[in-house]
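Take a moment to turn the model around before reading on. We will walk through it together, one region at a time.

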Amino acid sequence: MECDCDYILPTIDGWEEHYQNCSTRWLKDHGTEPLKNSDGTFRLRNKHLTRLTRDVLYHLGFDNEHYDLPAMFGDVKHGMGIPSMTILLQEVIKLLSYAKARDPIIIRIGTSGGLNIPPGSVVISSWGLNGTLKKSYDIPVMGKIMEIPSIFDKRLNQELLHLASEEKGFSTFIGGTMAADDFYQGQARLDGPFCDYTESDKVSFLKALVELGVKNIEMEATAFAAFTREAGLRSADVCVTVINRLEQDQVTPSKSVLLEWQERPMVIIGKYISKYYERINK
Ligand code: R2B
Ligand code: URA
């Protein structure tokens, strides 16, 4: 196998001789056929993908059937998952304290993948479960893992469920929420670029989550519960489910359906805010 390093800068003495994905280096490190093609494109190694006639790239808003992906490469920015959320949250927590906000309640609304409940249902999180199935947010701090419990306020949840149950167009559940650090393998999907487990591994894992009382999977609940609780603030995580993960991995409802569903947590929280103001203005 020939070296196919496309050196961006000419080598300087002492530098690594090859890029990590150079075909010669790949073969040495992995002992398998390199994923890089001779024209610089690369293959995906997840064999499950060949079973899809259409692959919906949910976060990017396109799929490989209706869009000419090779012609459409562009810059994409995301703000998803724990690190981007906690940066904002910690600054909001400080802001609320400096502003002397009284009895603030912080509510996260968003989307998630449901477990065994109809898509479009709403889940109010009772706790966050991390990727190793612990009810904590485990953050490395100075070389050690700090474990912070990720439990939400039961009473607040009950109040929210009460208001939600007046909504007749959809169901709302209280249940555990798994916060994954990844959308694909971290949520036991078969449709990511990598997948080193079988479909039956996936199904067993999702069923084990159901047994543990998990109703949905998203990417923030643990850290959100942990930091708000540590700060002594009341908080809730209210997410609509856009898919039943026991049935599929790809998020396929149309944009208009997704937009309609995404309003559901807002409807519940809107009602709660009205109640809050009714009470403090009495
Ligand atoms: C839910 O949806 C996003 C990923 O699609 C992520 O922010 C989350 O928690
Ligand atoms: N958000 C997630 O994190 N997972 C899903 O399955 C859907 C939305």
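**Around ligand 2**

Strand 3 gives the largest share of the shell around ligand 2, namely three residues. Helices and strands here are DSSP runs numbered from the N terminus, with helices being H or I of at least four residues and strands being E of at least two. This is a predicted model, in which local features need pLDDT of at least 70 and side-chain atom pairs count only at pLDDT 80 or more, while totals for chains, interfaces and linings use all residues. Residues are numbered from 1 along each chain as its sequence is written, chains are lettered from A and ligands numbered from 1 in the order in which they are written, and side-chain values use heavy atoms, with hydrogens and water left out.

Which residues surround ligand 2? They are T111, S112, G113, F183, Q187, R189, I217, E218, M219, V242, I243 and R245. A residue is near a molecule if one of its heavy atoms lies within 4 Å of it. Five residues of this shell are nonpolar, four are polar and three are charged. In this sorting, Ala, Val, Leu, Ile, Met, Phe, Trp, Tyr, Cys and Pro count as nonpolar, Asp, Glu, Lys and Arg as charged, and the others, Gly among them, as polar.

Now look at two side chains. An N or O atom in the side chain of Q187 is 2.8 Å from a nitrogen atom of ligand 2, and a polar side-chain atom of R189 lies 2.7 Å from an oxygen atom of ligand 2. Taken alone, ligand 2 exposes 240 Å², and the protein buries 95% of that. These areas come from the Shrake-Rupley method with a 1.4 Å probe; for residues, only the protein chains shown count as cover. Strand 3 (105-114), strand 8 (214-218) and strand 9 (234-244) are the elements that give two or more residues to the shell around ligand 2.

Let's step back to the whole protein. Its secondary structure comes to six helices and nine strands, and its C-alpha trace spans about 75 × 45 × 35 Å along the principal axes. Of its 282 residues, 37% count as buried. Buried means under 20% relative accessible area, exposed over 50%, and partly exposed in between (1.4 Å probe, protein chains only).

Helix 5 (residues 221-230) is mostly covered, with eight of its 10 residues buried. Those eight are A221, T222, A223, F224, A225, A226, F227 and T228. Just after helix 5, G232 takes a positive phi of about 80°.

Most residues other than glycine have a negative phi. Against that background, find D103 in the loop between helix 2 (82-98) and strand 3: its phi is near 45°, a positive value in a residue other than glycine. A188, in the loop between strand 7 and helix 4 (199-211), also has a positive phi, near 55°. Are these residues buried or exposed? D103 is exposed because its relative accessible area is 53%, whereas A188 counts as buried because its relative accessibility is 7%.

S121 is found between strand 3 and strand 4 (122-129), and it counts as buried because its relative accessibility is 2%. The side chain of S121 reaches the backbone oxygen of P118 at 2.5 Å. This is a polar contact, a pair of N or O atoms within 3.5 Å; within protein, one must be able to donate a hydrogen and the other to accept it, and residues adjacent in sequence count only if both atoms are side-chain atoms. F170 lies in the loop between helix 3 (154-164) and strand 7 (172-179), and F170 is buried because its relative accessible area is 12%.
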